[in-house]
Amino acid sequence: MHIKSTMGIVLAMTLVAAPIARGAEVTWPSYVWQDPEDSPFYKAFEKGFEEANPDIDIKEIPMPFGSFWDKQFLDLSSGNSADIVTMFDTEVRSYIDKDLLEPLNPHLEKAGISLDDFYPGARAAVKDGKIYGINLIINPRTLFYHRGMIEKAGLKPPTNLSEFTTAVEKLRNESEGEFGFATWAKAGDPNTLYLETAPIVFGFGGSFFEKGEPTATKPETIEALRFYKKLYDQSLIPKGMDVNGYRQIFVQGKIAMYAGGPYMGALVEKANAERGKELAAEQLPFPGKRTFALSVFMGIGKSAKNKDAAAKVLTSMVSREWQNNLLEIAGQPPGRRDVDYSGYLAEHPWFKAFIEAAKDPNTVSYAPDGAESYAPEVIKIIGGNVEAMLFNNVTPEDAAAKMQKELVALAMSHKK
């Protein structure tokens, strides 16, 4: 993959940026360094940035996805922040309200970067006119499927819940280790559980919060939980496997369908060019006829030691050139508006579903609506109750009722 030089952009920024001490080290702990979907882009960026900026070293600190979020929050809240902070929609508002991030306005102004350069979701990182995070990536979810597996079973790509259920059941082949669908079915990681099952919950029209009020007992939410429990109880999804495990099985063509982000398309194509040619994507077939988008933000910790150098890393990463590289390398929709998708779309037709999802007004945010500032606490409550439903024989109705009670108490505690 060709990676264009960022020398011109970086030189232009150097003229306006504050002087940086030679040999500055930017610490960057994150799951992205070892994540198979993300690491190719971040490794390429690190190499290109350091070549163009020999006075700055990026110190990558690989961390597992499941434990990363708690560790990052602990470091931020104890005044021991790394320089670069990675956030989803669920973290950025919480970090802002807890005053854990450095305002980026002066750095963005010097680099000639405006909020108008980004899609509206970028404003989730703004409070009282101060910008605390840069929107690097927008990741909506659609239904990926291997066309060959679907056709071999005499099926059509599912467009509704009935067709989807039929396909999932028919494509389950225990002797061959094949599944029709995959989602999270392992204990101990509420963040991944929330991320992986959100396509089902939001796809059914359900939610856990709406306008700051808990909605775990909303009929659509309970119906989604019932469907999820059916998938688990009937062994229609891989059990006890972490997310990278079953994503790799999907890449290998042993799982027919997966509700994932566009990075999965790039993974399939890189692993097997022929399989990549028959990869397709459509909107989620669930009754709510909607999906969600997860935005990735990058910021600087308030207690960071090398803020100017970190700001240079961030502004370079959202330059038009590196945002184009993000699309080409990782197959993920960049946060900037001015990226040209036409060439990528011509080579990867499945990407059309993601462009449509990103622009669809029915696409909702990954973060709990109106509870963004305490989203990590919300996710832990959801995770604990959904795990009880899956692993401890709690009914979906009882799990939803207990979840609702805990979410109401949590919301009231934050309103005091």
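## Basis of the values

The model is predicted, so local features need pLDDT of at least 70 and side-chain atom pairs count only at pLDDT 80 or more, whereas totals for chains, interfaces and linings use all residues. Residues are numbered from 1 along each chain as its sequence is written, and side-chain values use heavy atoms, with hydrogens and water left out.

Helix H13 (residues 307-317) is largely enclosed by the rest of the structure, because 9 of its 11 residues are buried (under 20% relative accessible area, with a 1.4 Å probe and protein chains only; helices are DSSP runs of H or I of at least four residues, and strands are runs of E of at least two, numbered from the N terminus). Among the buried residues of H13 are Lys312, Val313 and Leu314.

In helix H10 (residues 243-251), the buried residues include Tyr246, Arg247 and Phe250. Asp242 caps the N-terminal end of H10, with a side-chain oxygen 3.3 Å from the backbone nitrogen of Asn244, and just after H10 Gly253 takes a positive phi of about 85°.

## The second largest cavity

The whole structure holds 3 cavities of 30 Å³ or more (a cavity being a set of points, on a 1 Å grid over the protein atoms alone, where a 1.4 Å probe fits but cannot get out, and lining residues having an atom within 4 Å of a point). The second largest cavity contains about 70 Å³ of space, the volume being that filled by probe spheres set on the points, which are joined across faces, edges and corners.

Helix H3 (65-77) and strand E3 (84-88) each supply at least two residues of this lining, and H3 gives the largest share, 5 residues.

Notes:
Buried means under 20% relative accessible area, exposed over 50%, partly exposed in between (1.4 Å probe, protein chains only). On a 1 Å grid over the protein atoms alone, a cavity is a set of points where a 1.4 Å probe fits but cannot get out, and a pocket is an open set with protein on both sides within 12 Å along at least five of seven lines; lining residues have an atom within 4 Å of a point. A polar contact is a pair of N or O atoms within 3.5 Å; within protein, one must be able to donate a hydrogen and the other to accept it, and residues adjacent in sequence count only if both atoms are side-chain atoms.
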